[in-house]
Amino acid sequence: MKERLGIYIHIPFCASKCAYCDFVSHRVAEFEINNGIEAYFNALSQEIEFYKEEIQKYEIGSVYFGGGTPSIVNGSYISRVLKQLRSVTTFTDDVEITLEVNPGTLTEEKLNYYTASGVNRISMGLQTTNDVLLKQIGRIHSTNDFLTSYDAIKRSGIDNISLDLMFGLPNQTIDDVKKSIELIKTLSPKHVSTYSLKLEEGTPLYERYVNGKIDLPDDEIEREMYHTIENELADLGLMQYEISNFSLPGYESKHNLTYWKNKPYLGLGLSSHSKIGHKRFANTAVMSSYIEQWQAFNPQYADEALLDDKEELFETIMLGLRLNEGISFERINKSYNINFKEKYAVALHELKGYELIVETETHLFLTPKGRDLSNLVFLKFMD
Ligand code: SF4
């Protein structure tokens, strides 16, 4: 049986740039002229062709269209990509095909393309139900737009819907977070991903913050928001399975589990990252270079590294501890030919003393306090 491969496809176009965003995305209007979108998808097609033999070694277990805003482009581009991938190798029977959607960019025609080509999971950005906050962070949608899109997705027959929820926004209150969860309660999504706002240098929101024009919730309130989300989602049966992710049983994101379980994935498109075997590599983030390289069938990685056993082990620990199920001693000992408990005896003793981890006979996982301080925990395994 072939191993499963996760495929990530970056669609780097958005209606406009959100005030906090430092992702690789371009205003779609600038590319619609001069056939820029077509040129991008042609380059993507060349890239799939280039990796054909590598992809054929696997079965595709998940495809994730991320962005940017994948729902901004014509639905025929999405079906074109999926058709090409299916011509290269088989998809597993339980393949998960996710497409990120932003409210206000969906049409019935696009949804028809998605369902006809096998998209079976939608991830949509709610972020918050406070329209003033949405505007402040530069989102183009309102809560009403979100509801219209949500209904349209449901009508299309796709019921595996994940919602993105943000917290730690400027002037956001615990009450705002609770109101967003109230709406989520009425919608019964299968999955929720949460994001704490990170101010990235160079973004308009960062500038406003350093110029004293906005206030952010302090660390204590930010953590309280996170714990409010954890508790309220649990009441809805959306159980936390990863630091920032919650789902009904059986609806955990298969694609993201590929990352957290340190399994192979191939990233296609502008600035996408891949990890195949011990090799990690990344595409350029410069659009003109990306298109030129793939037109010429001559990729130049922006980043490339071969991980040694020590680095692989650290990645497996760090990613595995993000999951509530944690890491299995048996699996990690077998994979890396180590005795985990002996190798990390000092770190384990210290972390248990601070109540940051729990060690059972078979597994190691973070406590709620450990999830709040996860970066500190990970450092202890850096060796
Ligand atoms: S929709 Fe997402 S990718 Fe696009 S600008 Fe906003 S945050 Fe960035």
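**View A. Cys18, in the shell around the ligand, is buried, with a relative accessible area of 14%.** Buried means under 20% relative accessible area, exposed over 50%, and partly exposed in between, using a 1.4 Å probe and protein chains only. This is a predicted model: local features need pLDDT of at least 70, side-chain atom pairs count only at pLDDT 80 or more, and totals for chains, interfaces and linings use all residues. Residues are numbered from 1 along each chain as its sequence is written, and side-chain values use heavy atoms, with hydrogens and water left out. Cys14 is also buried, at 12% relative accessible area. The ligand has Cys14, Ser16, Lys17, Cys18, Tyr20 and Cys21 around it, among others. Phe23, Ser25, Gly68, Thr69, Asn102 and Arg139 belong to its surroundings too. By type, the shell holds five nonpolar, five polar and two charged residues. Nonpolar here covers Ala, Val, Leu, Ile, Met, Phe, Trp, Tyr, Cys and Pro; charged covers Asp, Glu, Lys and Arg; the others, Gly among them, are polar. How many disulfides does a search of the whole structure find? The search finds zero. A disulfide would be a pair of cysteine sulfur atoms within 2.5 Å.

View B. Rings of Phe, Tyr and Trp (its six-membered ring) pair if their centres lie within 6.5 Å; planes under 30 degrees apart are stacked, over 60 edge-to-face, and the rest tilted. This rule gives 20 aromatic pairs. The ring centres of Tyr40 and Tyr290 are 5.4 Å apart and their planes meet at 35°, so this pair is tilted. Tyr40 belongs to helix 2 (residues 36–50) and Tyr290 to helix 12 (residues 287–295), so the pair ties together parts that are 250 residues apart in sequence. Helices (H or I, at least four residues) and strands (E, at least two) are DSSP runs, numbered from the N terminus. Tyr40 is buried, at 0% relative accessibility. Tyr290 is buried as well, at 0%. Ring pairs join Phe13, Phe31, Tyr40, Phe41, Tyr77 and Tyr290 into a cluster. Phe31 lies in helix 1 (residues 28–32). Phe31 counts as buried at 15% relative accessibility. Arg4 and Phe31 are 27 residues apart in sequence and 34 Å apart in space, C-alpha to C-alpha.

View C. Tyr259 is partly exposed, at 22% relative accessibility. Tyr265 is buried, at 16%. Strand 1 (residues 3–11) pairs with strand 11 in the parallel sense, over four bridges. Two strands pair if DSSP finds at least two bridges between them. Tyr265 has Gly6 standing opposite.

**View D. Lysine charges sit over two rings.** The criterion is NZ of Lys or CZ of Arg within 6 Å of the ring centre and within 35 degrees of the ring normal. Lys190 places its charged end over the ring of Tyr251, 5.5 Å from the centre. Phe281 has Lys279 over its face, 5.1 Å from the ring centre.

**View E. Three strands make an open antiparallel sheet, in the order 15-17-16.** Strand 15 (327–328) and strand 16 (357–359) are the edges, each pairing on one side only. Two bridges hold strand 15 to strand 17 (residues 363–366) in the antiparallel sense. Ser328 faces His363 across this pairing. Strand 16 and strand 17 also run antiparallel, joined by three bridges. Glu359 has Leu364 as its bridge partner. A hairpin of three residues connects strand 16 to strand 17. Which face of strand 17 is covered? Leu364 and Leu366 make up the covered face, while His363 and Phe365 make up the uncovered one.

Terms used:
A residue is near a molecule or strand if one of its heavy atoms lies within 4 Å of it.
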